[in-house]
Amino acid sequence: MRQARQQLVDTLLPTVEIAVPEEGDSLDPAQLFAETKQEVWLEIGFGSGEHLAQQAIENPSVGIIGCEPYINGVARLLADIDKFDLKNVRIFRDDARILLRTMPDQSICRAFVLFPDPWPKVRHHKRRIIGPSTIPSLARLLPVDAELRIATDDPSYKEWILQHMLVDDGFVWRARRPQDWRVRPGDWPSTRYEMKANAAGRQCSYFMFDRRD
Ligand SMILES: C[S@@+](CC[C@H](N)C(=O)[O-])C[C@H]1O[C@@H](n2cnc3c(N)ncnc32)[C@H](O)[C@@H]1O
């Protein structure tokens, strides 16, 4: 890691990092931010953080929690937090599922899972972050009408996401026509992974689900 980034990890990260909670702890996301925030959003697996940083810039009244264990990605997001003086970002540098278990019901107003690792081999499908255990956790955290955004470029994961999301009573898929999932909406910044997928000619899917009663 370059020296400047290492310095951000040493000095800036401790000011924005969410400590790993102890077993049985509860973590209120609204309490993580110095100023009161209208809403708190969650991004799982932010990679290098391009999407998260852009959302934080465009939505200063929202607090955004990003989960990402990959330290080089964390360092890249820290560089943006520093460059744009972002006060509304907090970072959890561990498995997002720990946070999902720890936060109270209806405490997150929007969640993003963008290009999660596809785990294409059938025997690895159980490692996929979108699945039977995380979907109910996300449903618990999101209030009615809150939005869950998921993207993938992997055809088998696309089918998997739809199969698992559509059988869950907690969410309704917003799409009415193919453009609704083939075209990335304007308020959805792109990511590094997505750019690579596009460069390789892979079709990306952009799913928006609403939490329903
Ligand atoms: C394929 S990358 C996509 C990164 C980014 N969202 C993008 O679109 O460029 C998937 C990311 O999810 C992270 N990840 C995988 N499992 C995770 C978990 N359980 N909790 C949080 N992040 C996770 C990985 O470290 C990786 O950076």
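**View 1. Leu 42 faces Ala 111 of strand E4 across a strand pairing.** Leu 42 stands opposite Ala 111 in E4. This is a predicted model: local features need pLDDT of at least 70, side-chain atom pairs count only at pLDDT 80 or more, and totals for chains, interfaces and linings use all residues. Residues are numbered from 1 along each chain as its sequence is written, and side-chain values use heavy atoms, with hydrogens and water left out. Strand E1 (residues 39-44) runs parallel to E4, with four bridges in the pairing. Strands pair here if DSSP finds at least two bridges between them. Helices (H or I, at least four residues) and strands (E, at least two) are DSSP runs, numbered from the N terminus.

**View 2. E4 also pairs with strand E5.** E5 covers residues 147-152. The pairing is parallel and has five bridges. Arg 110 has Glu 147 of E5 as its bridge partner. Together, E4, H6 and E5 form a right-handed β-α-β unit. Right-handed means that, with the strands pointing away from the viewer, the path from the first strand over the helix to the second runs clockwise.

**View 3. Both faces of E4 are covered.** In a regular strand, side chains alternate between the two faces of the sheet. One side of E4 carries Arg 110, Phe 112 and Leu 114. Ala 111 and Val 113 are on the other. Five of the five residues in E4 are buried (under 20% relative accessible area, 1.4 Å probe, protein chains only).

View 4. Contacts of Phe 115 (heavy atoms within 4.5 Å) include Ala 151, Asp 153, Tyr 193 and Cys 204, not counting residues up to four places away in sequence. Phe 115 and Cys 204 are 89 residues apart along the chain, yet their C-alpha atoms are separated by 8.9 Å.

**View 5. The ligand is surrounded by 18 residues.** The closest are Gly 45, Glu 68, Asp 95, Leu 114 and Thr 191 (a residue is near if one of its heavy atoms lies within 4 Å). A backbone N or O atom of Gly 45 is 2.8 Å from a ligand nitrogen. A side-chain N or O atom of Thr 191 lies 2.7 Å from a ligand oxygen. A polar backbone atom of Tyr 193 is 3.0 Å from an oxygen atom of the ligand. On its own, the ligand has 590 Å² of accessible area, and the protein covers 84% of that (Shrake-Rupley method, 1.4 Å probe).

Note on methods: Buried < 20%, exposed > 50% of the residue type's maximum accessible area, 1.4 Å probe, protein only. Polar contact = N/O pair within 3.5 Å; in protein donor to acceptor, adjacent residues only side chain to side chain.
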